[in-house]
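Visitor: Please pick a single part of this structure and go through it closely, together with whatever pairs with it. I would like the cut-offs stated as the terms come up.

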Amino acid sequence: MTISTDGKLVFLEPDDIFYVESDGNYCTIYCKNQKKLVVTKKLKSFCEILPDEQFFRIHNSYIVNLNKVKEFIKVDGYIVLENNAKIPVSRQRKTDLLRKL
């Protein structure tokens, strides 16, 4: 996968991505080794290029790598990834997420 950011092209393997967070017209990609990339793309464009079997949009602002999910906290409605990031799960997408996991 090729990402254009800061005037350069960055080549990423989907397995290196933990999650993508949206902030309006920008997205931050959180990768291995605490690396973060900010890109000028909407989250919807990542839904189209990331593999469906590995990535899932769990919230209006987040797409996560399902292979990096460590646990699901039912009471508070969030997941914990291998890098210990806590990501909220929308109520509408909870059932679909649990089916995919």
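Guide: Helices (H or I, at least four residues) and strands (E, at least two) are DSSP runs, numbered from the N terminus. Two strands pair if DSSP finds at least two bridges between them. The model is predicted, so local features need pLDDT of at least 70 and side-chain atom pairs count only at pLDDT 80 or more, while totals for chains, interfaces and linings use all residues. Residues are numbered from 1 along each chain as its sequence is written, and side-chain values use heavy atoms, with hydrogens and water left out.

Buried means under 20% relative accessible area, exposed over 50%, and partly exposed in between, with a 1.4 Å probe and protein chains only. Five of the seven residues of β3 are buried, so the strand is largely enclosed by the rest of the structure.

Start with the strand partners. β3 and β4 run antiparallel and are joined by six bridges. Within this pairing, V20 stands opposite I29 of β4. The hairpin of β3 and β4 has two residues between the strands, and G24 there takes a positive phi near 70 degrees. β3 also pairs with β7, again in the antiparallel sense, over three bridges. Here E21 faces Y62 of β7.

β7 has a further partner. Strand β6 (residues 55–59) pairs with β7 (residues 62–65) in the antiparallel sense over four bridges. F55 is opposite N65 of β7, and a hairpin of two residues joins β6 to β7.

Next, the rings. A pair of aromatic rings is described by the distance of the centres and the angle of the planes. Rings of Phe, Tyr and Trp (its six-membered ring) pair if their centres lie within 6.5 Å; planes under 30 degrees apart count as stacked, over 60 as edge-to-face and the rest as tilted. The structure holds two aromatic pairs. In one of them, Y19 and Y30 are stacked, at 4.3 Å centre to centre and 10 degrees between the planes. Y19 lies in strand β3 and Y30 in strand β4, so this pair ties together parts that are 11 residues apart in sequence. Y19 and Y30 are both buried. The rings of Y19 and Y62 have their centres 6.2 Å apart and their planes at 50 degrees, so that pair is tilted. Y19, Y30 and Y62 form one aromatic cluster.

A charge sits over a ring if NZ of Lys or CZ of Arg is within 6 Å of the ring centre and within 35 degrees of the ring normal. K68 lies over the face of F18, at 5.3 Å from the ring centre.

A salt bridge is a side-chain nitrogen of Lys or Arg within 4 Å of a carboxyl oxygen of Asp or Glu. The structure holds two of them. D16 forms one with K32, where the closest N and O atoms are 3.4 Å apart.

Finally, the cysteines, one of which is C31. A disulfide is a pair of cysteine sulfur atoms within 2.5 Å, and a search of the whole structure finds zero. C31 is in no disulfide, and the nearest cysteine sulfur, that of C27, is 12 Å away. C31 is buried, at 5% relative accessibility. The sulfur of C47 is 9.0 Å from the closest cysteine sulfur, in C27, which is too far for a bond. C47 counts as partly exposed, at 30%.
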